[in-house]
Amino acid sequence: NTESVRLPDIGQLGVKRRALYDYFTKLNVGTGNHNGTISYIDWDEATIARAAAIVAEGGVFPESTAAFAEYTKKLQKIGDTLPVTEEFMEDEVLAAAELDNFLRVNVSTKIDEKLAVGAGGANDIEGLFTASPAYTAVASGIADANIRDLVRKMRTAIVKTRGSKYEPNFVAANSDVIDQYFLKKDANNNYMFDLNTGQIAGLDIVEDNNLADNTLVVGDGRFGRIYEMQGVTLSEGLVNAQFSSDLKTIKARARLLFLIRQVDKTGFLKSTDISADLITLAT
């Protein structure tokens with residue numbers, strides 16, 4: 001007997017959960033005469049000198065230097081296509097309806113990867129990890145240093161000289177790094193940290209599995225922005241000889257960039273080797 005009760009849906013595949021895309025503020029660029037480019041002017045910190053000092057009576061005032069620099073970044077395009085037959089679209093309505101979503105998920109998944117670890121430069125998105133300066137651990141004599149200690153010391157490194165501007169509010173890491181924190185036990189095998197807090201050292205956890213093992217990023221999320229045009233859009237068209245073959249191509253595309261302004265990068269720090277940093281903090 002080949003009769004059956006056919007369920008009215010298609011089983012779905014799993015992908016990495018969205019994290020950084022949902023966390024950072026998104027701004028719609030829109031169409032216009034902007035050349036697909038974001039430009040901005042920052043103080044040029046490398047050429048600034050603050051010379052203010054006590055001036056004796058009749059003395060010469062010190063002289064500071066100040067300079068600005070202009071920066072530009074191009075929106076980057078991420079896309080995917082899928083060729084299908086006209087018969088499939090006509091005869092397999094349930095499956096055909098899933099194809100748009102399949103492409104949309106493909107593009108969104110690549111966006112999430114690039115927001116985390118994109119290499120930057122002329123032809124790639126500069127992701128959070130790439131944009132963040134590297135943290136240099138300092139011997140601090142912390143007994144049995146753990147990830148909480150590291151996150152706190154990274155936060156301190158940001159605010160110690162720039163606290164008028166920054167208040168770090170998140171730590172981004174993958175699931176294994178977060179587990180390393182929450183599964184930490186004391187000498188009596190009691191868990192040291194409460195999983196229900198959703199924080200490490202008072203900073204919100206952004207769990208993004210595009211980040212590599214043994215790394216994390218601490219920062220002030222107010223200074224990261226996603227500039228995008230209309231999110232992921234879908235269209236259909238004919239490629240080469242598809243018309244005579246009764247084929248068509250579905251296309252998904254998105255244009256966006258992730259921007260931490262040059263002058264704001266000091267509000268972020270990354271640990272490129274958590275294990276090594278913990279050893280240093282413990283010495």
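How many aromatic pairs does the structure contain? In this predicted model, the count comes to 10 aromatic pairs. One of them joins Tyr-40 and Tyr-71, whose ring centres lie 5.4 Å apart with the planes at 25 degrees; because planes under 30 degrees apart count as stacked, this pair is stacked. The two residues belong to distant parts of the chain, with Tyr-40 in strand S2 (residues 37-43) and Tyr-71 in strand S3 (residues 68-74), 31 residues apart. Tyr-40 is buried, at a relative accessible area of 7%, whereas Tyr-71 is partly exposed, at 24%. An edge-to-face arrangement is found for Tyr-181 and Phe-182, with 4.7 Å from centre to centre and 70 degrees between the planes; both of these residues are buried. Ring pairs also connect Tyr-23, Phe-24, Phe-170, Phe-258 and Phe-268 into a cluster.

Charged side chains are likewise placed over aromatic rings. Lys-26 lies over the face of Tyr-21, at 4.7 Å from the ring centre, and Lys-270 lies over the face of Phe-129, at 4.7 Å from the ring centre.

When neighbours within four places in sequence are left aside, Ile-111 is in contact with Arg-18, Tyr-21, Ile-78, Val-232, Ala-254 and Leu-256.

Key:
Residues numbered from 1 in each chain as written. Predicted model: local features only at pLDDT ≥ 70, side-chain atom pairs only at ≥ 80, totals over all residues. Heavy atoms only, no water. Contact = heavy atoms within 4.5 Å. Phe/Tyr/Trp six-rings, centres within 6.5 Å; stacked < 30°, edge-to-face > 60°. Helix = DSSP H or I, 4+ residues; strand = E, 2+ residues; numbered from the N terminus. Buried < 20%, exposed > 50% of the residue type's maximum accessible area, 1.4 Å probe, protein only. Lys NZ or Arg CZ within 6 Å of the ring centre and 35° of its normal.
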